[in-house]
Amino acid sequence: MAKGNPNSNYPAAKLSQIPKIGEYIKRFDELMELPPCKKCDPEGIKERIGLMFKYCEENDRRPTVELLSVFVGVSRTTLWQWEQDEHSEAGRIVARAKAAINAIITEIGFAGAAPYPVSYTHLTLPTSDLV
């Protein structure tokens with residue numbers, strides 16, 4: 001187990017704080033039972049996104065687009081396709097959620113609270129909208 005400064009952003013210092021794989025799997029069992037959200041149900045999408053942010057807050061987890069796709073029940077590609085439809089309320093909701101995720105990860109990274117500082121640097125590039 002890593003010793004030394006528990007507040008260090010060096011990856012090895014955070015190893016003792018990483019949950020076991022089984023804990024992650026248990027957390028996602030219920031999510032896998034939920035039906036996928038439909039593009040025509042923006043309120044259902046908003047609800048799932050709210051659940052994702054609540055989950056992250058309660059479990060001290062960083063939100064990610066991958067986690068967003070699990071909570072909404074569709075692939076990252078589908079989320080992206082919804083965003084590309086300029087007349088889609090679902091696309092606007094997903095775009096705002098992704099913007100919030102990017103802002104949160106960037107803030108965590110710049111505050112030095114990310115165990116892997118490079119995990120947020122791609123967001124500062126012009127291609128960050130591809131996330």
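Me: Is Lys46 buried, exposed or partly exposed, and what is its relative accessible area?
Reply: Lys46 is partly exposed, with a relative accessible area of 40%. Buried means under 20% relative accessible area, exposed over 50%, and partly exposed in between, using a 1.4 Å probe and protein chains only. This is a predicted model, in which local features need pLDDT of at least 70 and side-chain atom pairs count only at pLDDT 80 or more, while totals for chains, interfaces and linings use all residues. Residues are numbered from 1 along each chain as its sequence is written, and side-chain values use heavy atoms, leaving out hydrogens and water.

Me: Which side chain does Lys46 meet in a salt bridge?
Reply: Glu43, at 3.6 Å from N to O. A salt bridge here is a side-chain nitrogen of Lys or Arg within 4 Å of a carboxyl oxygen of Asp or Glu. Lys46 and Glu43 are three residues apart in helix α2, so about one helical turn separates them. Helices are DSSP runs of H or I with at least four residues, numbered from the N terminus. Glu43 is exposed, at 53%.

Me: How many salt bridges in the whole structure?
Reply: Six. One of them joins Lys98 and Glu83, with the closest N and O atoms 2.6 Å apart. That pair links distant parts of the chain, with Lys98 in helix α5 and Glu83 in helix α4, 15 residues apart.

Me: Are Lys98 and Glu83 buried or partly exposed?
Reply: Lys98 counts as buried at 6% relative accessibility, and Glu83 is partly exposed at 23%.

Me: What about Asp85, which side chain does it meet?
Reply: Lys39, in a salt bridge of 2.7 Å from N to O. Asp85 lies in the loop between α4 and α5 and Lys39 in the loop between α1 (21-33) and α2, so the pair ties together parts 46 residues apart in sequence.

Me: Switching to the core. How many residues does the largest nonpolar core have?
Reply: It has 21 residues, and those with the most contacts inside it include Ile45, Met52 and Trp82. α5 gives the largest share, six residues. A nonpolar core is a set of buried Ala, Val, Leu, Ile, Met, Phe, Trp, Tyr and Cys residues joined through side-chain atoms within 4.5 Å.

Me: What covers the buried residues of α5?
Reply: The cover includes α2 (42-59), α3 (65-72) and α4 (76-84), where contact means heavy atoms within 4.5 Å.

Me: Last one: what is the phi of Asp60?
Reply: Positive, about 50 degrees, although Asp60 is not a glycine. Most residues other than glycine have a negative phi. Asp60 sits in the loop between α2 and α3 and is exposed, at 70%.

Methods:
Helix = DSSP H or I, 4+ residues; strand = E, 2+ residues; numbered from the N terminus.
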